[in-house]
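Dear colleague,

Please find below the structure that I promised to pass on, followed by a short account of what was found in it.

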Amino acid sequence: MDKFFVFGLLSKQRVTAVSSLVGCSFLLTACAGTPGFSWASLSPLHWFSSSLSVSDQGVGEINNQTDMTLAAIEQRLKGKYRLRSGMEMQNGKLSSVIQGMKDDQVELAFYGLANGKVNRIDVLDEGIKTAWGAKIGMPFSELYDKAFGACQRSNDFTMQPTVVCSAPQSQHVSYVFTGIWNGPEGLMPSDDILKNWKISRIIWKS
């Protein structure tokens, strides 16, 4: 996950913009002037009345029609997360990143071109499920019988061995599985090994 910490944890060469912080959970007076802010979002009833879910259409109300701005994402998240933004290079292009935080932990990450639309959402919040019931921590064996045709090895996320699998129900959703692997680097673990690996991240792409 090192690549996602563009807000002072990455090397200076990769940080190309000064991050901004929306600290709604700390200073209520500062939040009153935040575009899209609603005092109703502070109500505990509001927090539990609607929960986000991942579907073919996006995460909650956020998808490829959503502006890649703090204001647009804050409005659709309804104050459930503290937001911060930054920039990083992806495939040779400057990409905007907006992270949703809880207790100083990244729970959501939104990606898209600056002044563009959201084109990718990474979900790390254990409380967010897919429309088909998958969630962070669910073992591979509950979703797949075998990796062939659905999964591939990846080195994009952590130093821990990682396999990314397409969701059977949607071409826009994939699951990142991590686990213990003592075999050769880059080789796909056997299905018998993968059955105990668990979802560490859910990804939606436009």
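Which strand gives the most to the lining of the largest pocket? Strand 10 does, with three residues. This is a predicted model, in which local features need pLDDT of at least 70 and side-chain atom pairs count only at pLDDT 80 or more, while totals for chains, interfaces and linings use all residues. Residues are numbered from 1 along each chain as its sequence is written, and side-chain values use heavy atoms, without hydrogens or water.

The pocket

The volume of the largest pocket is about 590 Å³. A pocket here is an open set of points on a 1 Å grid over the protein atoms alone, where a 1.4 Å probe fits, with protein on both sides within 12 Å along at least five of seven lines; lining residues have an atom within 4 Å of a point. There are 24 lining residues, and Q90, N91, R120, I203 and K205 are the closest to the centre of the pocket. Strands (DSSP runs of E, at least two residues, numbered from the N terminus) that give two or more residues to this lining include strand 9 (151-154) and strand 10 (162-166).

The disulfide

The whole structure holds one disulfide, a disulfide being a pair of cysteine sulfur atoms within 2.5 Å. C151 is joined to C165, with an S to S distance of 2.0 Å. C151 lies in strand 9 and C165 in strand 10, 14 residues apart. The torsion about their S-S bond is about 110°, so the disulfide is right-handed.

With kind regards

Key:
Grid points are joined across faces, edges and corners, and a volume is the space filled by probe spheres set on the points. Helices (H or I, at least four residues) and strands (E, at least two) are DSSP runs, numbered from the N terminus.
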